Amino acid sequence: MSSTVAVVDYGMGNLRSVSKALEHVVSANQRVLVSSNRDEIADAERIVFPGQGAARDCMAQLKELKLDEVVLQAASEKPFLGVCMGMQVLMAHSEENQGVDCMNLYAGDVRAFADEALHAQMQHLKIPHMGWNNVSHRRAHPLWQGIDDNKRFYFVHSYYVDPENEAIIAGATDYGIEFVSAIANKNVFAAQFHPEKSASDGLQLLRNFCRWNGGI
Amino acid sequence: MALAKRIIPCLDVKNGRVVKGVQFVDIRDAGNPVDVARRYDEEGADEITFLDITASSDDRETIAHVVEEVANEVFIPLTVGGGIRSVDDVRRMLNAGADKVAINTAAVFNPEFVREASDKVGSQCIVVAIDAKQVSAQGEALRWEIFTHGGRKPTGLDAIEWAKKMVDYGAGEILLTSMDRDGTKIGFDLPLTRAISEAVSVPVIASGGVGKLDHLADGVTEGLADAVLAASIFHFAEYTIQQAKQHMAARGIEMRL
């Protein structure tokens, strides 16, 4: 029986690279489906929740398409992978766009790099944080399988998550400050970096996700 | 550990083939874009940039197909530039699989286009390409001006002011080419690169003039570039990407090896 990996399409950014990378790593009995249909998302065995652009627009689109509830539901019950903005909007609130309330799956804020970068001006740190940076594992996790500690992944973002519950931190990265670059809780894993653009280690993480049953 | 400086091989694509000329003449064939991109990915390129130098707009679709084919099998960031004039062009390239688009001439003639494009698709997708030439005479304070049409037409725009303006308008990155150095193999224009990199908050890619590996390292250490772009030294197998990375790392630069 075929099993579906659904990529949630809420009009925020181009999902082609995510779906192409998933197609590259899925098992023979799995199919990748890019969808904005609530029933299809609810029926899928695995959910990938990507996102690009501004937090305000992402939240507005999720509500407009009535996808917020089905995404939260998925995050409570099946293997779920948030990527970039799809990680940030899982938090309670974002500093972006003069403040945006997000999905509130996890307590904590999404913060801007700006002040820290100013502080670290001697290092000429640029915003967005763009390029390949190290991700240090903060706990063992099935999605890190086959990926060495401190490998580099591709990032492009100006904001980062700051969860209140430190137990959900799965990875951290240094850019002037140390920030949380991956979180994991039960069946949810979310990354600030783009596995779909992170060459072989990124593909390995996606491969792990496609074989993960959501347990630890 | 920190963010790595990036090496970006640039593929000038004409009629579906990778080509390389010296200062926009003397074009040589450097292969099939998909094969070249795959080789660079295997060698550890951090990103790949395609510049569509097709003369006629009738052939614009060709570059979209090239991007599509490459994006199906190469999983690192891809940038496409050349002839991007409208938000539709931007979307077409992103839909084909590009992660970023580089806007050059169209930004000079219509700066609002940069604002519109970054509003629609996000600054992280918008690279503004700047072609600059030194215009100060010997002995004068250094000054660079923006040129269009492959370096033939001056615009009267000061390069540093222009870069700042483009960032205000939503550029997420600047691709800076020295028209004086492009194709010369004598190294980047380091004072220009440094001046722009210090003037803007977004990452700057240095381009134009790489002939040996020290030039790449100099672009970072002296030019303060966040990424370095080169074409001919890689296309004609003078150096591999991996050799370039090892060389830069040996000079104390943070690299993804």
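Q: What does contact mean here, and how many residues of chain B are in contact with chain A?
A: Contact means heavy atoms within 4.5 Å. By that rule, 38 residues of chain B are in contact with 29 residues of chain A. This is a predicted model, where local features need pLDDT of at least 70, side-chain atom pairs count only at pLDDT 80 or more, and totals for chains, interfaces and linings use all residues. Residues are numbered from 1 along each chain as its sequence is written, chains are lettered from A in the order in which they are written, and side-chain values use heavy atoms, with hydrogens and water left out.

Q: How many Å² are buried between chain B and chain A?
A: Buried area is the accessible area (1.4 Å probe) that two parts lose on being put together, summed over both. Here that area is about 2,700 Å², and carbon and sulfur atoms give 55% of it.

Q: How many salt bridges does the rule find across the interface of chain B and chain A?
A: Side chains of opposite charge can pair when their charged atoms come close. The rule asks for a side-chain nitrogen of Lys or Arg within 4 Å of a carboxyl oxygen of Asp or Glu. Three salt bridges cross this interface, and one joins A:Lys126 to B:Asp226 at 3.1 Å, N to O.

Q: Which salt bridge partner does A:Lys20 meet?
A: A:Lys20 meets A:Glu23, at 3.6 Å from N to O. These two residues are separated by about one helical turn because they lie three residues apart in helix H1 (residues 16-25) of chain A. Helices here are DSSP runs (H or I, at least four residues) and strands likewise (E, at least two), numbered from the N terminus.

Q: At what angle do H6(B) and H7(B) pack?
A: Axes are lines fitted to C-alpha atoms, for helices over the stretch in contact, and angles run from 0 to 180 degrees between N-to-C directions. Helix H6 (residues 159-168) of chain B packs against H7(B) at about 35°, with the axes 9 Å apart. Look for B:Ala159, B:Ile160, B:Ala163 and B:Lys164 in H6(B), which meet B:Ala195, B:Ile196 and B:Ala199 in H7(B).

Q: Which peptide bond is cis, and where is A:Pro128 found?
A: Go to the bond joining A:Ile127 and A:Pro128: this one is cis, with omega about 5°. A:Pro128 is in the loop between helix H6 (114-119) and strand S8 (129-137) of chain A.

Q: What is the phi of B:Lys185?
A: B:Lys185 is not a glycine, yet its phi is positive, about 65°. This residue is in the loop between strand S10 (173-178) and H7 of chain B.
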